[in-house]
Amino acid sequence: MQQLSLLLTSLPDGILLGFVYGVAAMGLTLIWGVMDVINLSHGPIISLGMFGTFFIFIKMGINPYLGLIPVAILGLLLGVAIYFIAVHRVIDAPHLSSLLATFSVNMIIIGIATAALTTSPYNVDFNMGSFDLGFTTILGTRLIAAVIAILVTGGLYFFLYRTRPGKYIRAVTNNRAAAELMGVPSTQILALSFGLGTMLAAISGALIATFFPFSILSGAGYELKSFVIGVLGGLGNPVGALFGGLILGVLEGAIPAFMETSWVPVIEFGLFVIILLVRPNGLFGAKE
């Protein structure tokens, strides 16, 4: 009975977190799906999104949710810059080259941010109240973050399937050479895709900062979760990443009810390996 009570208490919280995890994973899987590049700078970019919320709210006094707009814009511009500086020259090279390029960006961001901000934890003391839901108490910040994550997912889906640049992105994803023959500017589209993936990572970090302490190193853990979610939802399927995030959120909410919290990453990465072995395309498959 005690385990059931604990499960009912923690599960809603895990589900709400799962939506935000899904947004983080969308950025990673979008870049992979479009250009077959594993972005190892994903974690530090999530951390930069966290610090974006910190400076906007603490230093400038702007509501963190309004602050998502400049964080998203800066994330998009940063992603485009990273693409042209580090990725564009190795886009057609073996995967190791792009891995090393994005890992270099990862180390540069961490090095500069550590020198400027240290690795001490920061906190955004922002409260949106709470309300009781059966056996549990739902924090307003987590509920709002989940709603924003759903809206971001809907916006991404609309962009990819209802706008010309989105159709270009899907065309380049399916067959870049054929898209170029049809007049699609692949270089600009690849840069836009990398920018969008970076923007999603920054948005997820900005949301996470409203309920967890963080440092410049915090993004590494969420980067690993993004890999797990990407495999669950199907690498190359951004919308599937949301469902993968929900699965991971349910696991994080349910596991502590039955065993020690330290088992959470063990089970998550065990699931990661099993999915890779049994269903490499993910539970929801990749968009073709």
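## Ground rules

This is a predicted model, where local features need pLDDT of at least 70 and side-chain atom pairs count only at pLDDT 80 or more, though totals for chains, interfaces and linings use all residues. Residues are numbered from 1 along each chain as its sequence is written, and side-chain values use heavy atoms, with hydrogens and water left out.

Helices (H or I, at least four residues) and strands (E, at least two) are DSSP runs, numbered from the N terminus.

## α3 against α8

Back to that opening pair: helix α3 covers residues 68-87 and helix α8 covers residues 186-208, and their axes come within 7 Å and cross at roughly 135 degrees. Axes here are lines fitted to C-alpha atoms, for helices over the stretch in contact, and angles run from 0 to 180 degrees between N-to-C directions. α3 and α8 are therefore oblique to each other. For the labels, under 35 degrees is roughly parallel, over 145 roughly antiparallel, 65 to 115 roughly perpendicular and the rest oblique.

By class, the contact of α3 with α8 has 19 nonpolar residues, five polar and no charged ones. Ala, Val, Leu, Ile, Met, Phe, Trp, Tyr, Cys and Pro count as nonpolar, Asp, Glu, Lys and Arg as charged, and the others, Gly among them, as polar.

L196 sits in helix α8 and counts as buried, at 10% relative accessibility. The cut-offs are under 20% relative accessible area for buried, over 50% for exposed, and partly exposed in between (1.4 Å probe, protein chains only). Leaving aside residues up to four places away in sequence, L196 touches L30, L76, F159 and I169, where contact means heavy atoms within 4.5 Å. F131 is another story: it is 65 residues from L196 along the chain, and their C-alpha atoms are separated by 34 Å.

I169 turns up again in helix α6 (residues 164-174), where G166, I169 and V172 are buried. They cover an arc of only 120 degrees around the axis, which puts them on the same side of α6; the arc is that of the directions from the helix axis to the C-beta atoms. The face of α6 turned away from that buried side carries the exposed residues R164 and N174.

Helix α9 (residues 219-233) and helix α10 (residues 238-254) pack at about 120 degrees, with axes 7 Å apart. α9 and α10 are therefore oblique to each other, and α9 passes α10 in a right-handed crossing. On the α9 side, K225, V228, I229, L232 and G233 meet G240, A241, G244, G245, I247, L248 and E252 of α10. That contact divides into six nonpolar, four polar and two charged residues.

F272 and V228 are 44 residues apart in sequence but 5.5 Å apart in space, C-alpha to C-alpha.

## Two positive phi values

D36 has a phi near 55 degrees, a positive value in a residue other than glycine. D36 is found in the loop between α1 (2-35) and α2 (42-59) and is partly exposed, with a relative accessible area of 41%.

T118 isn't a glycine either, yet has a positive phi of about 60 degrees. Its loop runs between α4 (95-117) and β1 (130-133), and T118 counts as partly exposed at 38% relative accessibility.

Notes:
Left-handed = near helix turned anticlockwise from the far one by under 90°.
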